[in-house]
Amino acid sequence: MLSLYPFTLYSWLLLIATGVNLWLAYLGARQHQLPVAYWFSWLCLTEAVYTLGYTFELASRSLEQAKFWINIEMLGGAYIPALVVLMALTYLHNRHPPMGITTALLMLASLTLAVILGNDQHHLMFTDMQIVRRDNLTITLLEFGPWYYLHLVYITVGVTIGNILFYHCWRRAPRYHRRQVMLILLGTLIPWGCYLLFLLDWAPNGVDLSAFGFIITGPLCAYSLFRYRFADLSPIAREQVFDEMEEAVLVVDHNYRIVDFNRQAGALFPALNQQSLGQDCRPLLGDIQPPLEPSQQKSEHVMNQGGRHYELRCQPLRQKTSELMGYALMLRDTTERQLLLEQLRQYAEVDELTGVMNRRMALQTLEQTVATAWQSQQPLSLVLFDVDRFKRINDSQGHQIGDLILRQLANLLQTALNSGEVLGRYGDDEFLLVLPGRDLASTQALAEQLNQLARQQLNITLSLGLTGFEPHDTARVMLRRADLALYRAKSQGRSQACIADPLPETSDLESNPMR
């Protein structure tokens, strides 16, 4: 086939460019699972088709041959601007563009291709075509139709949008990756600059230099592909890994100065902006100051910001030589987790009906308070009480009324207690009062006051057993004495407070069936 066309140096250069772009298209296709590699492969393929068509256009012997190869050119050329935009969008977001945008761009390119293929019928793209021979080259002289100018606008807008997107990538990319984006920018600008020379009639012999621009574009993209791992080490991985992290991240140097931050950090700290780079991070963190000493490995803190609960983790950043460069301060929103933990704590520690301590926590508090009394020898009193004839209330008025009385009683008694005094539900209608710092006389006065409040406001009475801490007491011993005192209060007519007597020598005492 080549013998039918008089090839010149121009044609051989374009044939080499075709081969390079086909090779790059193949390499990109092998990494098609990466969105940016997918569109890069298609772009290289269309560039290869375009340069192949122009190769044979320059070597054509007749107008019919030239028309045929122009149509081949446009099989690729019509899609190049759209693919530049799609690759730029993919590079920016590291995912395929929305289907609507992709479809619109490809349909517009297909419409242009359809107009070119049917040009002999309507002459919307070219109103006239002639060929001349210049320096052994076949130059096609074209008179442009109205659709050509629309196509020119389409090319200009597509390339401009693509380069704006790549420029946006360049601005946001780390310094190392900026070289990569710059290579891509040059690769897309060079063919457009060559095409501009053709439009201005500044190209030698009237040759369309845009196809020759792809000779430079191919090696540039190849260098970017292999030197900077273009297809899988996109600088916009920063956005995906850094900006899309759930945590708010502040990158600071060893002098507390802000080096970088992600989108979540900007949302968390409204005062944080580009002017904050280089400023001290400590005013943002309030009372929480991360330990930025070189000896510190990892540390975690808790902070509140805007009514939310955050865990702050400080991760040292080191060079390969282990030299400390700075820190990554990562703040994770743990508000929901803290609420869940608080709910679990409530279930584990708080009585669901009355809202006071449950039996387990009340007994644990008593043991801790007794241990403290052993060391401090400060007064400590214990009151065990229940509602008189509570079963009768449940039987006559219903369990809902009984539950309501228990809730009201718990709320009422808590208002009469001092700070540090604990009320817990011991079981059913039975409650426990742990009163550190009170002697028996003060406790008896409090018990009578509580019974009076219950009678006046709830129309119920209480039977209360009281005991005080004695040397060598344990929580179990105090509970046993208080239980015996409560039994005595009930046996003596209820609605009264009785102080416990010393325990008998027997270790096992039966519970009172009256209660």
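1. Five strands make an open sheet of mixed pairing, in the order S9-S10-S8-S11-S12. A strand here is a DSSP run (E, at least two residues), a helix is another (H or I, at least four), and both are numbered from the N terminus. Two strands pair if DSSP finds at least two bridges between them. Strand S9 (422-427) and strand S12 (497-499) are the edges, each pairing on one side only. From one strand to the next, the twist averages 20°.

2. This is a predicted model: local features need pLDDT of at least 70, side-chain atom pairs count only at pLDDT 80 or more, and totals for chains, interfaces and linings use all residues. Residues are numbered from 1 along each chain as its sequence is written, and side-chain values use heavy atoms, with hydrogens and water left out.

3. S9 pairs with strand S10 (residues 430-436) in the antiparallel sense, over five bridges. Valine 422 has valine 434 in S10 as its bridge partner.

4. Helix H18 (residues 475-491) lies across strand S8 (380-387), S9, S10, strand S11 (462-468) and S12. It runs at about 145° to S11. Axes are lines fitted to C-alpha atoms, for helices over the stretch in contact, and angles run from 0 to 180 degrees between N-to-C directions. Contact means heavy atoms within 4.5 Å.

5. The structure holds 10 salt bridges (a side-chain nitrogen of Lys or Arg within 4 Å of a carboxyl oxygen of Asp or Glu).

6. Now the hairpin of S1 and S2. Strand S1 (residues 126-134) and S2 pair in the antiparallel sense over eight bridges. Arginine 133 stands opposite threonine 138 in S2. Two residues lie between the strands, and aspartate 135 takes a positive phi near 50°.

7. What lines the largest cavity? The lining has 38 residues; Tyr50, Ile155, Tyr195, Asp208 and Ser210 lie nearest the centre. H2 gives the largest share, seven residues. Other elements giving two or more include helix H7 (146-172) and helix H8 (175-199). A cavity is a set of points, on a 1 Å grid over the protein atoms alone, where a 1.4 Å probe fits but cannot get out; lining residues have an atom within 4 Å of a point.

Key:
1 Å grid on protein atoms, 1.4 Å probe; cavity = no way out; pocket = protein on both sides within 12 Å on 5 of 7 lines; lining within 4 Å.
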